[in-house]
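Student: I would like to learn to read this model feature by feature. Can we start with how helices pack?

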Amino acid sequence: MAFTTIPGADGDHVTYCRVCEALCGMVATVEGGRIVKVRPDRDNPHSRGHICVKGPALADVTADPDRVTRPLKRVGGPGEFAPVGWDEALNDIAARLSASIERHGPQSFAMNTGNPPSMGWPSSMGNYLFQRALECTKLFTPSSEDITSVVLATELIFGTHAFVFPDLAQCEHLLIFGSNPLVSHGSLMIAPRFKEDLDAIAERGRVIVVDPRRTETARKFEHVSIIPAGDVWLLGAMLNTILGEGLEDRAFLDAYGAGRDELAAAIGWITPELAAPRCGVEADAIRTLARDFAAAPRAAAMGRIGICRASYSTLTNYFLHLLNLVGGKFHRPGGVGWGHGGTATEAQAKGPGQARHKRHSSRVSGQASVWGTQASLTFLEEMTTPGEGQIRSLLTVGANPVLSMPGGPRLPEGFATLDLMVSIDLYMTETSRHAHYILPATTALEREDINQFFMNHMVRPFAQYVPAVLPPAGEARGEYEILRDLAARMGRGDAFGNMTPFEMADGALQAGIEGQDGLSLARLKANPHGVMIERGRWAFDFEKRIGHADGKIHLWGDIAAEEVARLRREPEPEPDALRLINIRKLRSINSWMHNVEKLVRSDEPRLLIHPADAAVRRIEDGMPVTLSTQWGAIEVVAEVTDEVRPGCVGYPHGWGHGGGWRGANALPGRNLNAITPATPDQAEQVSGMSLLEGFPVEVRAA
Ligand SMILES: Nc1nc2c(c(=O)[nH]1)N[C@H]1C(S)=C(S)[C@@H](COP(=O)(O)OP(=O)(O)OC[C@H]3O[C@@H](n4cnc5c(=O)[nH]c(N)nc54)[C@H](O)[C@@H]3O)O[C@H]1N2
Ligand SMILES: Nc1nc2c(c(=O)[nH]1)N[C@H]1C(S)=C(S)[C@@H](COP(=O)(O)OP(=O)(O)OC[C@H]3O[C@@H](n4cnc5c(=O)[nH]c(N)nc54)[C@H](O)[C@@H]3O)O[C@H]1N2
Ligand code: SF4
Ligand SMILES: [Mo]
């Protein structure tokens, strides 16, 4: 079949989706300058014809008449804009940004970069280089609602933040904590055919899903129902069982680990009997889970956001790593480990270690920062609290914190104090409507791309380059081009160097992935459906990647000790409290695809509540109810279901629209982040992580 590589030309274009981390291959058919059809790319050797409903919907976003396709300048209150030319916009922004930074110092400039740009190579490089160009130290990202706790736990143990993920291809016994890959398609690990992998693991052995909700994944495999935020207890007791019963891989720990005995001594009090009422899993069941895991030769334990944003999220992720290490599952076929090496050399794969974890570092309330990112819960106070380093200018790129950050509805109070706020986005959103300028970005289908950032954590490593399917709509531009141009107009263009992101990627590809020669951009261009990287998952020396100076894997350390001591002082949970969990649904992605009619027409957000909890509150299915905390209240619609366990209610985030997306504005659903814990004291103190799972809420009939 013939394909065209000319953006906008009639015919079939090979591309891949950049909505979620699965990066599924797609073929888009263009006629008369528009995408008329999107189908799965069956010739993509990686996703092999898998897509979900959101992939084709990217074409609807691209063609959405509500998109912003010309630079807009604020001419009145929030949401009141008039179109301006690029030159006028960029010159004015450059002058005002320079003046603000000149006056208030480099610390006064903040960036908030969101999830969608991080899916692309030029878009993420643009953000990174602009941050360098402006010496920006105040970077806000969704990390503190997503991965900060994983990154910190990984750094503490391994001295590197390189992601550790399961070998789905050979695993025979998979424990999943707080992830619903049949819906989310996985995260921090690339596996577009996740469902097929899980089916094959279940065929070979077992898949066990630990979740407070009987999710799509839990329903299909074995489900262990847990009290929200109870994982730290369950994992602690499993570890304790393995160490206490001599089921550990002593040879591995002796050879590579440090601190085994301190660990065993420090967690000896977390017995299955103590843990059981705190996690909702019987003591005997905890022991069995631990013994079965330790005994299975090809076993792996993985976790994702369900265990990343609860209280003790760093310790929980720390325990998860330890379970794999102590159980002898690290860097073994069917176990867990780092990626095949990607395009990074062993030395590059090493993170800068704990140097990037800064405790008590935020200006106002001394919250921790991890991975160069500030805690989201400090965003508002950093804008509104006077003093040196107060945020005075802000650039948002593909982020919608008003909906996606805890306390989002109050952020506009901070935006209103800024000298300058600029948003690069596809839409006038709940956030960008407060900006002084909205600069229109291209969608993923209007950008050429390469999956460079993801190569290091693919279950089956794969490389692909795709040209843009369409030229930019209207006057939209790619983030990289916009930011490079802006930096140049500010006299700070040097950081962007003289290589394009694709020349950089080519250099990295040619520098080589061990075990696979001959990769280059030219080779990827000659193989439009992508190239599988043949290097075996374990074909490298993992010891060389350990980042600690002593070359050891640290099973114990000060921060773990501090968190375990805090856990020991934890009061017993209140038996009658209702605790909230977040939900992801197939037809939504965070806050930005709700203007696509075919996605939302069957995706109304509802508050899931167990029949027993509903009955005592006289709540019936379909009734409006008030969901509240000390931070706010929203009125939502109840769905009475035993899918959630008693004591647990669930709701998705990303709803409650009030931007330039007319369809989305008309939808039911409210902003969950109006009620999530929103003050800095609610952050997990070691990591700055937001508290989004398992916090107490009240629900009553509205
Ligand atoms: N369709 C769709 N796919 C997405 C996204 C989307 O919005 N929609 N978002 C993408 C993004 S940004 C990310 S980061 C990934 C996330 O990928 P996943 O982590 O797989 O995301 P979720 O589907 O939210 O799964 C989290 C699970 O944790 C459970 N959970 C909540 N609290 C607890 C707890 O205390 N303990 C345990 N054990 N479980 C708990 C929830 O019930 C839920 O089933 O998904 C990506 N994929
Ligand atoms: N309560 C609660 N809050 C959460 C979560 C949760 O589960 N519960 N999940 C958290 C997680 S894991 C994440 S990753 C974050 C997501 O939070 P954000 O990263 O802020 O993501 P969105 O809210 O989806 O906003 C994305 C913005 O990017 C714009 N956009 C889309 N494509 C492009 C593009 O190609 N270029 C540019 N420039 N803009 C684009 C969209 O219009 C939208 O305004 O939310 C976090 N917040
Ligand atoms: S699973 Fe869906 S949203 Fe994710 S990359 Fe594939 S098509 Fe896109
Ligand atoms: Mo995320």
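Tutor: Start with the axes. They are lines fitted to C-alpha atoms, for helices over the stretch in contact, and angles run from 0 to 180 degrees between N-to-C directions. Helices (H or I, at least four residues) and strands (E, at least two) are DSSP runs, numbered from the N terminus. This is a predicted model, in which local features need pLDDT of at least 70, side-chain atom pairs count only at pLDDT 80 or more, and totals for chains, interfaces and linings use all residues. Residues are numbered from 1 along each chain as its sequence is written, chains are lettered from A and ligands numbered from 1 in the order in which they are written, and side-chain values use heavy atoms, with hydrogens and water left out.

Student: At what angle do the axes of helix 4 and helix 13 cross?

Tutor: Two packed helices are described by the angle between their axes and the distance between the axes. For helix 4 (residues 148-158) and helix 13 (residues 313-326), the crossing is roughly 50°, and the axes come within 8 Å. Angles under 35 degrees count as roughly parallel, over 145 as roughly antiparallel, 65 to 115 as roughly perpendicular and the rest as oblique. Helix 4 and helix 13 are therefore oblique to each other.

Student: In which hand does helix 4 pass helix 13?

Tutor: A crossing is left-handed if the near helix is turned anticlockwise from the far one by less than a right angle, and right-handed if clockwise. Helix 4 passes helix 13 in the right-handed sense. Contact means heavy atoms within 4.5 Å.

Student: Where does P142 lie?

Tutor: P142 sits in the loop between strand 7 (138-140) and helix 4. P142 is partly exposed, at a relative accessible area of 30%. Neighbours within four places aside, P142 is in contact with T113, G114 and N115.

Student: How do helix 2 and helix 18 pack?

Tutor: Helix 2 (residues 86-104) meets helix 18 (residues 479-489) at an angle of about 55°, with their axes 9 Å apart. They are therefore oblique to each other. This crossing is right-handed. The contact uses W86, D87, L90, N91, I93 and A94 of helix 2 and I482, D485, L486 and R489 of helix 18.

Student: At roughly what angle do helix 3 and helix 19 cross?

Tutor: The axes of helix 3 (residues 121-133) and helix 19 (residues 501-511) cross at roughly 105° and come within 10 Å. That makes helix 3 roughly perpendicular to helix 19. W121, P122, M125 and L129 of helix 3 meet P501, F502, M504 and A505 of helix 19.

Student: Which residues touch the most other members in the largest nonpolar core?

Tutor: In soluble globular proteins, nonpolar side chains tend to be buried together. A nonpolar core is a set of buried Ala, Val, Leu, Ile, Met, Phe, Trp, Tyr and Cys residues joined through side-chain atoms within 4.5 Å. The largest one here has 89 residues, and F177, F319 and I553 touch the most other members. Helix 8 (residues 231-244) gives the most to this core, with nine residues. Beyond four places in sequence, F319 touches V232, L235, G236, L239, I267, I270 and V564. A second, separate core of 75 residues includes V38, W121, C136 and A441.

Student: What is the phi of E135?

Tutor: Most residues other than glycine have a negative phi, and most peptide bonds are trans. E135 has a positive phi near 50°. E135 is in the loop between helix 3 and strand 7, and is exposed at a relative accessible area of 55%. Y312 also has a positive phi, of about 65°, although it is not a glycine. Y312 lies in the loop between strand 13 (299-303) and helix 13, and is buried at 3%.

Technical notes
Buried means under 20% relative accessible area, exposed over 50%, partly exposed in between (1.4 Å probe, protein chains only).
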